[in-house]
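Dear colleague,

I am handing over the structure below for your records.

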Amino acid sequence: MSQIQPALVSDNGTVGDRIVNDFCITFSTVNGSGSATANTILLKTLFRMGIPVNGKNIFPSNIQGLPTWYSIRLSKKGYLARVEMDHLVVAMNPSTLATEMKFLVPGGVLFYPDDFKLDIDRDDIVLYPMPVKRLIKEADAPQNLRDYMANMVYVGVVAQMLGIDLDVVYQVLDAHFKGKKKAVDSNWQVIKAAADWAKQNLIKRDPYYVEPMSPLEGYIITEGNIASALGALYGGVQLTAWYPITPASSLAEAVMEYLSSLRTDPETGKATSVVIQAEDEIAAIGMAVGAGWAGLRAMTSTSGPGISLMAEYLGLAYYAEVPVVVWDVQRVGPSTGLPTRTAQGDLTFANFISHGDTEYIILLPGNVKECFEFGWKSFDIAERLQTPVLILTDLDLGMNYHISPRFEYPDQPMDRGKVLWEEDLQKLLEKLDGKWGRYLDIDGDGIPYRTLPGNRHPASAYFARGTGHDEMTRYSEDPDVWERGLNRLKRKIWDNRHLLPDPVIERMEGAKFAIVGFGSTDPAIQEARDLLAEAGFPTDYMRVRSLPFRDEVCNFLHEYDRTYVVELNRDGQLKQLLTMHFSECGSRLRQVSHIDGMPITANWIKERILSMEGK
């Protein structure tokens, strides 16, 4: 084991320089050990100090016992994508120490319990042992909680060694335990004792420091699944049917958590929205489709395996023209795959889901603010167009903490679409000489009118068929009727693409080529563009936010001789869809795809594009 401590060396080689608010620290622990609380407290403390941060949790799919990692990236410039190397490691799991060493930069720091038997052959890192067992014993922590509270030791030591404000740590701790004095006091006792011990016994030998920055006014820090749930609640969701599946479970759980405060009738005290845990994903989508047909704003949340099971019901909702919202928090597939890793591998499946000819609306949020925004807008779109809307996020966006501007309350009234009540239907019948039909295109926009259960007009009833039917809902196998109806379904989607989120397009002066991406890859692409610009390769960038593609997507692609399509899957699924729709641009599109279960990094994107540029 090396005890040699290096001089402080900065990125540009200057000895003694401080590295402030610009590094990555990873906590290596064991799943089920309670480390999530400690890590979250440090993350939120840094956020309260005004420092842009992001937390990424890499955890196994078992319940307890296997290695888990949590990385916090601090970036005073606001770069918050995952990075490939660690500057500091807190090693609380001896079995993975060799792995940690591979990803620790020269001049990096290793915190570890002093009872670990280390065999480290590196002389270019700083070692800080921590008397974890002794401090926990001296704190007189309850025997059954000692393994959990041991993580609070590294909270105190790391805070002391980096210069993290302990007063802010206490504020976050108090907020985390919601003011429960016993829990706050017992954990604070460990944190404070560990910080005092570090102050008295450890000599600062590394260059990494934390300093307060201007408060992040107008910003929050939250998870994408929470943002999605809040968006749905503010969008008027009335029924959420779900079946537990990683990484989507916390979305439905967040809906349940906020129901009492956001969706309770002030006069009756009764809930105005309901959450039902179904026996499986098929039942969940069945409940949601049934509720959508009955006039409720209904949704379900799931991941790739659940989407596979929901295919037939989604085909029914598409053809019977039933509004419903489906959240797909993507993970690595196929099959069970890697349940606790992230990917963007469901795009083509979602686009073509169900047998026969379909045309689904897919929304692609790229940050937690858009998770909230699309959460409420999806219901407007689904009801206006009377069709399923799928929203694709992923584990990285859904289950990790991200900083975001505060969410904005919906800026428009709910759009319930073409719903007829008694008076409306009577007027329409008079206008049409009594020939109204549920699937009749009256306005020429492909969107029919619908009635809901509870409408007492004698002409309001209809049969919602999944089999062949004509405009009047009568069963039909007539070839002309079938083709006419199927073409109308496509037309109502394509002619109303202006209702879908437009792509985000950003320019750089002197750009010779472009990058296209979607979803959670955005932070890495943004950082990679700056790295490429520094290397002499400025780029323009388009982030696609919905399918079917809007006209702006086509116009953008035609501007460049080459466009790099960056995505987190093996086969370049977005590139496939772009090539299919804009075949004249296909030869100009270049696939930059990567799938290892981890969030993509800016450095990987930069290096990949430079290699394809021949540089």
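Two strands are said to pair if DSSP finds at least two bridges between them. In this predicted model, an open sheet of seven strands has mixed pairing and the order 11-10-12-13-15-14-22. Strand 11 (274-277) and strand 22 (546-547) are its edge strands, each pairing on one side only. Strand 14 (residues 361-363) and strand 15 (residues 388-394) run parallel and are joined by three bridges. The bridge partner of Ile361 in strand 15 is Val389.

Another parallel pairing is that of strand 6 (residues 104-113) with strand 7, over five bridges. Here Leu110 has Leu127 of strand 7 as its bridge partner. Strand 7 (residues 126-130) is largely enclosed by the rest of the structure, because four of its five residues are buried.

The whole structure was searched, and 14 aromatic pairs were found. Phe23 and Tyr208 form an edge-to-face pair, because their ring centres are 5.4 Å apart and their planes stand at 65°. Since Phe23 belongs to strand 2 (residues 22-30) and Tyr208 to strand 8 (residues 208-209), this pair ties together parts that are 185 residues apart in sequence. Phe23 and Tyr208 are both buried. The pair of Phe556 and Tyr560 is tilted, because the ring centres lie 4.9 Å apart with the planes at 50°. Phe556 is buried, at a relative accessible area of 1%, and Tyr560 is buried as well, at 5%.

Arg18 lies over the face of Tyr209, 3.8 Å from the ring centre. Lys418 has its charged end over the ring of Tyr449, at 5.0 Å from the centre of that ring.

The largest pocket has a volume of about 1500 Å³. It is lined by 46 residues, of which Thr40, Lys44, Glu223, Ile226 and Tyr401 are the closest to its centre. Helix 1 supplies the largest share of this lining, seven residues. Elements that each supply at least two lining residues include strand 2, helix 1 (35-48), strand 4 (67-75), helix 6 (166-176) and strand 9 (219-223). By class, the lining consists of 20 nonpolar, 18 polar and eight charged residues.

Finally, some details of the backbone deserve mention. Thr246 and Pro247 are joined by a cis peptide bond, with omega at about 5°; Pro247 is in the loop between strand 10 (239-242) and helix 9. Gly333 and Pro334 are likewise joined by a cis peptide bond, with omega at about 10°. Pro334 is in the loop between strand 13 (324-330) and helix 13 (347-352).

Positive phi values in residues other than glycine are found at Ser354, near 80°, and at Asp433, near 55°. Ser354 is in the loop between helix 13 and strand 14, and Asp433 is in the loop between helix 16 (422-431) and strand 18 (450-451). Is each of these residues buried or exposed? With buried meaning under 20% relative accessible area and exposed over 50%, Ser354 counts as buried at 17%, whereas Asp433 counts as exposed at 68%.

With kind regards

Terms used:
Residues are numbered from 1 along each chain as its sequence is written. This is a predicted model: local features need pLDDT of at least 70, side-chain atom pairs count only at pLDDT 80 or more; totals for chains, interfaces and linings use all residues. Side-chain values use heavy atoms; hydrogens and water are left out. Rings of Phe, Tyr and Trp (its six-membered ring) pair if their centres lie within 6.5 Å; planes under 30 degrees apart count as stacked, over 60 as edge-to-face and the rest as tilted. Buried means under 20% relative accessible area, exposed over 50%, partly exposed in between (1.4 Å probe, protein chains only). A charge sits over a ring if NZ of Lys or CZ of Arg is within 6 Å of the ring centre and within 35 degrees of the ring normal. On a 1 Å grid over the protein atoms alone, a cavity is a set of points where a 1.4 Å probe fits but cannot get out, and a pocket is an open set with protein on both sides within 12 Å along at least five of seven lines; lining residues have an atom within 4 Å of a point. Grid points are joined across faces, edges and corners, and a volume is the space filled by probe spheres set on the points. Ala, Val, Leu, Ile, Met, Phe, Trp, Tyr, Cys and Pro count as nonpolar, Asp, Glu, Lys and Arg as charged, and the others, Gly among them, as polar.
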